[in-house]
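Please look at the sequence and the structure below, then read on.

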Amino acid sequence: MDLDAVADELYGLSPSDFTSAREVRAKAARSEGDRDLAGRIHRLRRPTLSAWASNLLVRDQPEETRRLLGLGGALRQATEELDGDQLRELSAQQRKVTSALARQAADLARQAGQSISEEAQREVQETLQAVLADPDAGREWAEGRLAKPLSAPVGFPALSSPPARVSSAGRPASRRKGTTASSAAESATEASARTADLEAARARRRAQQERLEQARQQAAGADRELTEREEGLTAAQDEQRRVEELARHAEERVTELTRALEEAEGDRNRARDAVQEALDRAGGAERSVKEARRHARDAAAQVRRLEGQLRRKGR
């Protein structure tokens, strides 16, 4: 048994079956003497419905998974290179792709016997958008073991309104007429403004990434605290079960001893009755012996009297 195999199994189950199956695996690891693995299994979090649906999508559609990861790489590259035309085209593509995949995830969930709400479907789409914007999120999603939905960084250009399309001359397409110096200067100014906008978006993205990292650290701390508390609860529950088992054995022993005591008391009462009967019989026998002795003395006295009379007559 290893953690990856157990995690793959658990995150493929319906959320309603997750916790009971997790505890079975953790108990099996403890029975095998691997308390560290048991603790790591116990720390696996039950997935939300949207996270579970996202995992279903990864497991059922590996080709679509690869395509989405590739699209994310292209979007990030276009953002880094400030390629407005490419970014506009890919932005439109990502909205169609993530929307379609979110619907497909909802269909897979229904086929698995669990419908998800529109809000959960939106969380699936947000997870897919996070995959496009963040390579770390993409790797996490591709494992198919999400416990909660992912959030895309704020300020990622491809996930907001697409930039205006720029002509090869560096001017907006709506202003291609006229080639005066004034128009060229205006186009250059607009191009500079768009560059500034992209730089500002990148700055916002960095700030958001920093906030996200802080939030992740806080969440990790909270998860560690939760894990410690859950491990404490598990230890307390194990101790409770052990003490309850001792109490059960003690109760069984008390029952056995009580039954033995009752039997011993019955034997004692019967023995007392037997002793009393023996005493009564002995008393009766003693009285009989006394009566017999009296009769024997009387008979002996009668014999002596008769013998005395005979001797006197013989003289």
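## Overall make-up

Of the 315 residues of the protein, 27% count as buried, where buried means under 20% relative accessible area, exposed means over 50% and partly exposed lies in between (1.4 Å probe, protein chains only). The model is predicted, so local features need pLDDT of at least 70 and side-chain atom pairs count only at pLDDT 80 or more, while totals for chains, interfaces and linings use all residues. Residues are numbered from 1 along each chain as its sequence is written, and side-chain values use heavy atoms, with hydrogens and water left out.

The secondary structure comes to nine helices and zero strands. Helices (H or I, at least four residues) and strands (E, at least two) are DSSP runs, numbered from the N terminus. Along the sequence the pattern reads α-α-α-α-α-α-α-α-α. Among the contacts with a separation of 6 or more, 72% are between residues 24 or more positions apart; contact means heavy atoms within 4.5 Å.

## Helices α2 and α3

Helix α2 covers residues 15-31 and helix α3 covers residues 35-42; the two pack at an angle of about 170°, with their axes 7 Å apart. Axes are lines fitted to C-alpha atoms, for helices over the stretch in contact, and angles run from 0 to 180 degrees between N-to-C directions. The angle makes α2 roughly antiparallel to α3, since angles under 35 degrees count as roughly parallel, over 145 as roughly antiparallel, 65 to 115 as roughly perpendicular and the rest as oblique.

On the α2 side, R22, E23, R25, A26, A29 and R30 take part, and they meet R35, L37, A38, I41 and H42 in α3. The residues of this contact divide into five nonpolar, one polar and five charged. Here Ala, Val, Leu, Ile, Met, Phe, Trp, Tyr, Cys and Pro count as nonpolar, Asp, Glu, Lys and Arg as charged, and the others, Gly among them, as polar.

## Helix α8 and its surroundings

Which residues of α8 are buried? In this helix, residues 135-142, they are A137, G138 and W141. Seen down the axis of α8, these buried residues fall within an arc of 105°, so they line one face of the helix; the arc is that of the directions from the helix axis to the C-beta atoms. An α-helix has 3.6 residues a turn, so residues three or four places apart point the same way. The cover over the buried residues of α8 includes α4 (49-60), α5 (62-80) and α7 (118-133).

The N-terminal end of α8 is capped by D134, which has a side-chain oxygen 3.0 Å from the backbone nitrogen of D136. This is a polar contact, that is, a pair of N or O atoms within 3.5 Å; within protein, one must be able to donate a hydrogen and the other to accept it, and residues adjacent in sequence count only if both atoms are side-chain atoms. After α8 comes G144, with a positive phi near 70°.

## Helix α5 against α8

The axes of α5 and α8 come within 11 Å and cross at roughly 175°. The two helices are therefore roughly antiparallel to each other. From α5, the residues T65, L68, L69 and R76 meet P135, G138, W141 and A142 in α8. By class, this contact has five nonpolar, two polar and one charged residues.

T65 lies in helix α5 and counts as buried at 7% relative accessibility. Not counting residues up to four places away in sequence, T65 touches L57, V58, W141 and A142. T65 and L128 are 63 residues apart along the chain, and their C-alpha atoms are separated by 9.8 Å.

Leaving out residues up to four places away in sequence, A109 touches W52, L56, Q114 and I116.

S117 sits in the loop between α6 and α7 and is partly exposed, at 43% relative accessibility. A polar atom of the S117 side chain lies 3.1 Å from the backbone nitrogen of A120.
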